[in-house]
Amino acid sequence: MTPLDKIRNFSIIAHIDHGKSTLADRLIQVTGGLTAREMSEQVLDNMDIEKERGITIKAQTVRLSYKAHDGETYTLNLMDTPGHVDFAYEVSRSLAACEGALLVVDAAQGVEAQTLANVYQSIEHDHEIVPVINKIDLPAADAEKVRAEIEEVIGLDASNAVLTSAKSGIGIEEVLEAIVTRIPPPKGDADAPLKAMLVDSWYDPYLGVVILVRVMAGTLKKGQQIKFMATGTTHLVDRVGCFRPKIEQLTELGVGEIGFITAQIKEVAQTAVGDTITDAKRPATEALPGFKLVQPVVFCGLFPVDAAEFEKLRESIGKLRLNDASFTFEMESSAALGFGFRCGFLGLLHLEIIQERLTREYDLDLITTAPSVVYEIELTHGGGHLELHNPADMPDPNKIALISEPWIEAVIYCPDEYLGPILKLCQDRRGIQKNLTYVAGRAQVTYELPLNEVVFDFYDRLKSISRGYASFDYHQIGYREGDLVKMSILVNAEPVDALSMIVHRGTAEARGRGMCERLKDLIPRHLFKIPIQAAIGGKVIARETIAAMRKDVTAKCYGGDISRKKKLLDKQKEGKKRMREYGSVSIPQEAFIAALRMGDDG
Ligand SMILES: Nc1nc2c(ncn2[C@@H]2O[C@H](COP(=O)(O)OP(=O)(O)OP(=O)(O)O)[C@@H](O)[C@H]2O)c(=O)[nH]1
């Protein structure tokens with residue numbers, strides 16, 4: 001057990017790509033956690049997809065021992081936090097486990113919206129914030145400008161900001177000293193009943209569910225009977241330890257410390273982030289503040305392209321769920337797509353991550369239906385209230401008294417020159433502008449937007465029209481009534497339920513037209529003419545036609561070369577596997593996702 005005054009708990013907040021992971025790795029290396037060879041791989045981002053996308057999904061923590069210039073050895077707990085708006089609650093719990101934060105800002109890019117959102121959260125937790133201006137090695141670096149920006153935009157004193165190049169190892173020692181001298185030690189009563197916050201949990205094939213905790217009061221010991229105050233379950237602690245970043249087993253975690261426990265728990269779903277862990281025999285009377293259950297906000301159907309893969313899909317989803325309790329799934333059947341699952345996610349990135357893992361790690365070909373938010377519907381004649389997760393379940397329009405949809409408040413931060421197209425994008429998506437300010441040559445614009453207009457490709461569009469310079473952060477602000485209708489897409493007069501979506505009446509026609517135009521290009525020609533229609537109820541609002549194919553694919557072989565002809569046919573068969581039959585029309589898997597992207601007609 002480390003005395004309180006020798007502990008420092010801190011997180012690193014940074015905008016994506018500003019160098020959080022690189023700096024964390026350097027701190028580990030300098031304090032001797034790993035050898036240079038082990039450092040060749042970034043250690044904190046430990047999932048493949050995280051690595052590839054360069055983002056941090058799961059919070060991880062590392063314990064460092066640092067002998068400071070004052071001659072004392074300190075225990076530094078570095079808490080890595082997820083870097084995306086979808087995981088905001090996990091971020092808030094990680095921050096609640098710390099007393100301070102390093103604010104990493106790219107010396108060339110400056111302060112961005114995500115940085116701001118996290119800094120404000122950190123300030124709310126009363127953190128001591130140490131500004132770190134990173135990437136000073138870059139030719140475009142302008143530390144003085146960024147320093148001024150931190151002061152002006154965030155209102156933090158940046159006169160003693162630490163200048164670093166995490167990549168080339170400059171300023172790392174200064175960062176460690178700043179952590180020791182500027183971030184306060186944790187407080188807490190060692191003799192009080194145990195109160196530990198469940199910061200994060202994940203499934204490990206060898207250890208079972210691993211729980212990351214921060215002890216707020218009392219002591220957490222191996223062999224102790226513990227109780228989760230929100231979920232009400234009790235467990236026996238069978239392992240206590242920390243990551244350095246390799247696992248080190250301990251006998252206990254004292255007040256103020258961060259570490260992990262295992263307690264023979266089988267599923268992550270049994271552990272709720274933010275829950276309070278207490279002693280089963282001598283429980284705390286009050287739980288720690290701030291607990292909330294995270295709820296999925298975006299829903300979509302996942303169906304196997306090949307119906308025979310349904311069981312495999314069920315199994316794979318089950319496995320992913322073992323490690324991620326924040327997505328939900330239930331079986332769904334659709335006339336056209338067969339059996340699949342209706343899944344709920346924290347946001348679009350979360351959806352994409354799960355979908356990608358299913359495709360890549362479990363080798364499944366999937367059809368993803370149009371993502372949808374949760375609508376609240378009030379039925380006529382006192383028919384009650386219902387929550388609509390799936391456009392396919394939309395009641396008959398004359399049974400609907402009122403539909404409400406979730407709204408968000410979004411803060412977008414961008415260089416001035418991209419403001420025009422960004423404002424247009426927000427207007428096109430039914431946005432209501434609330435605020436527009438300029439700080440240090442950058443615009444900060446606040447919009448209220450319907451979540452449904454944001455879920456599919458808003459973020460991608462924003463990035464592309466601003467060449468990646470705009471950043472975006474949002475939170476939900478409640479439900480509002482909307483003039484919403486279900487738009488169906490018919491291919492050869494058959495409704496394609498995967499493409500049906502709830503849209504605002506005012507934008508339905510443009511959306512329908514765009515969808516039909518894209519499908520016209522995405523669906524291959526057949527031997528017959530194929531009409532593609534968008535309809536609301538029985539009324540067709542847009543229409544395109546795919547002309548009939550004139551030639552047989554093998555025609556150009558002139559009948560002579562049999563093997564070549566066979567190859568072509570095989571190839572065609574191969575292509576078929578990834579197609580879905582709609583009546584007599586085959587739609588390639590890619591068409592589903594591509595068709596849902598709104599493109600420029602937004
Ligand atoms: N030139 C330069 N590049 C750096 C420096 N620090 C990090 N980088 C590079 O910046 C990119 C992003 O760094 P990461 O450490 O992955 O960024 P991050 O903030 O952890 O990103 P997320 O995990 O997505 O939040 C990588 O290509 C790094 O090599 C630096 O000091 N100088």
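**Note on helix packing, strand pairing and domains**

1. Helix 1 (residues 20-30) packs against helix 6 (residues 172-182) at an angle of about 85°, and their axes are 10 Å apart. This angle makes helix 1 roughly perpendicular to helix 6, because angles of 65 to 115 degrees count as roughly perpendicular. The structure discussed here is a predicted model.

2. The contact between these two helices can be given by residue. From helix 1, R26, L27 and V30 take part, and they meet I172, E173, V175 and L176 in helix 6. By class, the residues of the contact of helix 1 with helix 6 comprise five nonpolar, no polar and two charged.

3. Helix 9 (residues 419-428) and helix 10 (residues 458-465) have axes that come within 9 Å and cross at roughly 160°. Helix 9 is therefore roughly antiparallel to helix 10, since an angle over 145 degrees is counted in that way. The crossing in which helix 9 passes helix 10 is right-handed.

4. In the contact of this second pair, P421, I422 and L425 belong to helix 9, while R461, L462 and I465 are their counterparts in helix 10. Five nonpolar residues, no polar residue and one charged residue make up the contact of helix 9 with helix 10.

5. Turning to the strands, an open sheet of eight strands is present, with antiparallel pairing and the order 11-10-16-7-8-15-12-13. Strand 11 (234-236) and strand 13 (247-250) are the edge strands, each pairing on one side only. On average, neighbouring strands of this sheet are turned by 40° against each other, direction ignored.

6. A hairpin is formed by strand 2 and strand 3, with five residues between the strands. Strand 2 (residues 61-67) and strand 3 (residues 73-79) run antiparallel and are joined by seven bridges. Y66 stands opposite Y74 in strand 3. In this hairpin G71 takes a positive phi near 85°.

7. As regards the chain as a whole, the domain assignment gives domain 1 (4-182), domain 2 (195-279), domain 3 (298-369), domain 4 (375-482) and domain 5 (486-597). Taken over C-alpha atoms, the centres of domain 2 and domain 4 are separated by 38 Å.

Key. Residues are numbered from 1 along each chain as its sequence is written. This is a predicted model: local features need pLDDT of at least 70, side-chain atom pairs count only at pLDDT 80 or more; totals for chains, interfaces and linings use all residues. Two strands pair if DSSP finds at least two bridges between them. Helices (H or I, at least four residues) and strands (E, at least two) are DSSP runs, numbered from the N terminus. Domain bounds come from an automatic or database domain assignment. Axes are lines fitted to C-alpha atoms, for helices over the stretch in contact, and angles run from 0 to 180 degrees between N-to-C directions. Angles under 35 degrees count as roughly parallel, over 145 as roughly antiparallel, 65 to 115 as roughly perpendicular and the rest as oblique. A crossing is left-handed if the near helix is turned anticlockwise from the far one by less than a right angle, and right-handed if clockwise. Two residues are in contact if their C-beta atoms, placed from the backbone, lie within 7 Å. Ala, Val, Leu, Ile, Met, Phe, Trp, Tyr, Cys and Pro count as nonpolar, Asp, Glu, Lys and Arg as charged, and the others, Gly among them, as polar.
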